[in-house]
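Hi,

Here is the structure for your files. Please look it over before reading my notes below.

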Amino acid sequence: MVRMEMKLIKSWRWFGVKDAVSLEWLKQNGIEQVVTALHHIPNGEVWPPDEIEKVKKQIEASGLHWTVVESLPVTEAIKTASALRDKHIENYKTSLKNLAKYGIKTVVYNFMPVLDWARTDLNYHLPGKGESMLFDYPTFAAFDIFILKRPDAAKDYSAEMYTQAESVYKNMTPDEAEKLAHNIIVVTQGFIDGVIGSDIDNYKQEFLKHLNRYQSIDDAKLRSNLADFLKEVIPTAEEAGINLAIHPDDPPFPVLGLPRIFGSISDMEWLAKTNPSPNNGIAFCAGSFSARKDNDVVEMAKRFSNRIHFAHLRNTTVLENGSFYESGHLEGRVNMPALVMVLQNEMQRRLKNGCIDYRIPMRPDHGIKGPEDEGINSNPGYPKYGRLKGLKEITALEEQLAGNS
Ligand code: DNO
């Protein structure tokens, strides 16, 4: 067996008491830490101490711990530097201080405009495996140009992609077109405190309004808004002993004409240079980074391993036209053994340097929905047994890498 102290901390994203997966079941399956958020607090508001305490107590009653928050949302006002920005930043700092009092060590956030993540098919059939998720480029373009009808969207695609999108759209029934829009705008966003909640009727119009706010915000401007945010919150995080961890853009390339700033190794370089504090870190989502062909995911982890405060382990297969699907935890573009080794080496380094919290929390990210997941209610991407399978595969890998399986 690998000595416990050199293992990644087994963690699991749990969506609160309504989650079909119980804390008891997680404990029985070897989970050490629960990753969660106060999903009922509206974005931008302070997370009050008593609400934090309530969740902490629930988790600890099952013998588990809570040290990672995913996510404390950064509001659109902060991302666009608009009217409520300063108030939301103050609230963010207060929430960080409140979380620190209850033992939270890592807080995940992202700086993606409007959409938290995007897929075109949430029930993509992987022959012989089960249901996964797909981002099909022509289908996404069809959504953008013909269903959402974003002004000038066509300009953002090559002539070839436009033609493919047109043909995808022509072959869709009106119900299929609506379902696609609903999946992209609502189903994948509502459950993770996205900008568009699950209760909005005129979601396409609302979504267009949100996109429109980025008309005058390019990559440079969004980057400067992120730099301002970090300048404000990092000192508070340092004082509170909290590591902030930015989640990469998913997918890590431009969508819907929006600025996109955290998907590549040069973006990581920028982050580290802009605010060198060690508390300014990364939620290393291997799957998100892997969806871009020019990303060498293992190299990215190696270069910035000292900033990895949390690891999301999953994998994708990328197709010729830039489409990608989630291909299980070990199969795909990411050389998972090499990545796990980078993380193990980093833990060793931290231990040698006398760091107390040197074990990196890891969660099996997403998972393929197999027959045993039938009938179990889960959020898109988060099947109970699909994730457990991923966790077991990663655990086995950790043992093999130590040469002691
Ligand atoms: C989707 C997740 C994202 C992620 C947030 C982090 O499955 O990877 O919702 O948690 O973007 O802020």
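A residue is called buried under 20% relative accessible area, exposed over 50%, and partly exposed in between (1.4 Å probe, protein chains only). This is a predicted model: local features need pLDDT of at least 70, side-chain atom pairs count only at pLDDT 80 or more, and totals for chains, interfaces and linings use all residues. Residues are numbered from 1 along each chain as its sequence is written, and side-chain values use heavy atoms, with hydrogens and water left out.

**Two buried loop residues**

P259 counts as buried because its relative accessibility is 3%. Helices (H or I, at least four residues) and strands (E, at least two) are DSSP runs, numbered from the N terminus. P259 sits in the loop between β7 (243-247) and α10 (265-274). Contact means heavy atoms within 4.5 Å. Leaving out residues up to four places away in sequence, P259 touches P113, Y214, I217, D218, D219 and L222. L222 is 37 residues from P259 along the chain, yet their C-alpha atoms are separated by 6.9 Å.

Q189 lies in the loop between α7 and α8. Its relative accessibility is 1%, so Q189 counts as buried. Beyond its neighbours within four places in sequence, Q189 contacts V114, L115, D116, W117, I184, G194 and I196.

**Helix α7**

Buried residues in α7 are A177, L180, A181, N183, I184, I185 and V186. They pack against β5 (121-126), α5, α6 (159-170) and α8 (203-212).

**Cores**

A nonpolar core is a set of buried Ala, Val, Leu, Ile, Met, Phe, Trp, Tyr and Cys residues joined through side-chain atoms within 4.5 Å. The largest one has 110 residues, and F143, F229 and F284 touch the most other members. Helix α5 (residues 137-147) gives the most to this core, eight residues. A second, separate core has seven residues, including F15, W117, I192 and Y382.

**Largest pocket**

A pocket is an open set of points on a 1 Å grid over the protein atoms alone, where a 1.4 Å probe fits, with protein on both sides within 12 Å along at least five of seven lines; lining residues have an atom within 4 Å of a point. The largest pocket is lined by 25 residues, with F15, G16, V17, K18 and H39 nearest its centre. Helix α2 (residues 49-61) gives the largest share of that lining, four residues.

Best wishes
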